[in-house]
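Please consider the structure shown here in two steps.

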Amino acid sequence: MNLSLQDKNALVGGSTQGIGKATAIELALLGATVTLLARNESALQATCAELPTPFNQKHQYIVGDFSQPEALQQKVATYMASHQIVYHLLINNTGGPKGGPIHQANYTEFEAAMAMHLICNHLLVQTVLPGMKLANYGRIVNITSTSVKEPIEGLGVSNTTRWAVAAWAKTLAGEVAAWGITVNTVLPGFTETDRLQQIINTNAQKKQTTTAEMENFMRSVVPAGRFAAPHEIAAAVAFLGSPAAGYINGIVLPVDGGRTKSL
């Protein structure tokens, strides 16, 4: 099975922590030269220094804010032009919207969430797609949430946004497949990240229970009986980015220990 990403370039969003960082590490281990994309330059520098270099890759980073889609796109385009780089892999990933009942959400929350996820994803694809077409190789992987399959209580804005991204990705997959480009969406379940801890704290407060009790309850609804480690989600992303996954296109893949009950 060909998992090698040697001589491939990968652009990874939200890559200074959690699943994004774990994904950057996995791709680097497979041989990809990684460009990190996030807003905190000191964290980018630190993460870049941590990335493996089994093939003497020269990993880099771009400072960009996902809340400013057009500026983000311009920074990536400028970097690509100045470095004469083609990206073979694009990992769309950034932090999720805040929680809360959907009927209480202000419309501006939807606008902000759509900008950070759907619009940024779309603009980044438009930026890297010409190079992927010329290379006859492209892997676009979107990291979203199991709410694409089953809405999660208390995450109304996030649920709505994730569904929009999944529909966009499925449409895109059919349009670009002829150039050897695949578009897939990974749905992480409960994963040991700062985001999960925020959800645990919020749910515990809402249910008037302790964080430990809430954490135990959330583990109990996962058939595997535990939360995922970030590298376990990253492994699925890395596989979808590899040559071995060339005929997997347009799927949404839960990586959740069996928690999602829908087919």
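A salt bridge is counted where a side-chain nitrogen of Lys or Arg lies within 4 Å of a carboxyl oxygen of Asp or Glu. The general idea is that side chains of opposite charge can pair when their charged atoms come close. The model examined here is a predicted one, and a search of the whole of it finds four salt bridges. Three of them are described below.

Glu 50 is partly exposed, its relative accessible area being 47%.

Another salt bridge is formed by the side chains of Lys 207 and Glu 153, with a distance of 3.9 Å from N to O. Here too, distant parts of the chain are linked: Lys 207 is in the loop between α6 (194–206) and α7 (211–220), while Glu 153 is in the loop between β5 (138–143) and α5, and the two are 54 residues apart. Glu 153 has a relative accessible area of 61% and is therefore classed as exposed, because that term applies to values over 50%.

A further salt bridge connects Glu 232 with Arg 226, and their closest N and O atoms are 2.8 Å apart. Glu 232 is partly exposed, with a relative accessible area of 29%. Arg 226 is also partly exposed, at 43%.

We now turn to empty space. Rolling a probe the size of a water molecule over the atoms shows where such space is left. How many cavities of 30 Å³ or more are there? The count comes to one, and the largest cavity has a volume of about 50 Å³. Its lining is made up of Asn 92, Asn 93, Thr 94, His 117, Asn 121, Ile 143, Thr 144, Arg 162 and Val 165. The elements that contribute two or more residues to this lining are α4 (107–135) and α5 (156–176). By class, the lining of the largest cavity contains two nonpolar residues, six polar residues and one charged residue.

The second largest pocket holds about 210 Å³ of space. It is lined by 15 residues, and those nearest its centre are Gly 99, Gly 100, Gly 154, Leu 155 and Thr 202. The lining of this pocket divides into five nonpolar, six polar and four charged residues.

Terms used
Residues are numbered from 1 along each chain as its sequence is written. This is a predicted model: local features need pLDDT of at least 70, side-chain atom pairs count only at pLDDT 80 or more; totals for chains, interfaces and linings use all residues. Side-chain values use heavy atoms; hydrogens and water are left out. On a 1 Å grid over the protein atoms alone, a cavity is a set of points where a 1.4 Å probe fits but cannot get out, and a pocket is an open set with protein on both sides within 12 Å along at least five of seven lines; lining residues have an atom within 4 Å of a point. Grid points are joined across faces, edges and corners, and a volume is the space filled by probe spheres set on the points. Ala, Val, Leu, Ile, Met, Phe, Trp, Tyr, Cys and Pro count as nonpolar, Asp, Glu, Lys and Arg as charged, and the others, Gly among them, as polar. Helices (H or I, at least four residues) and strands (E, at least two) are DSSP runs, numbered from the N terminus. Buried means under 20% relative accessible area, exposed over 50%, partly exposed in between (1.4 Å probe, protein chains only).
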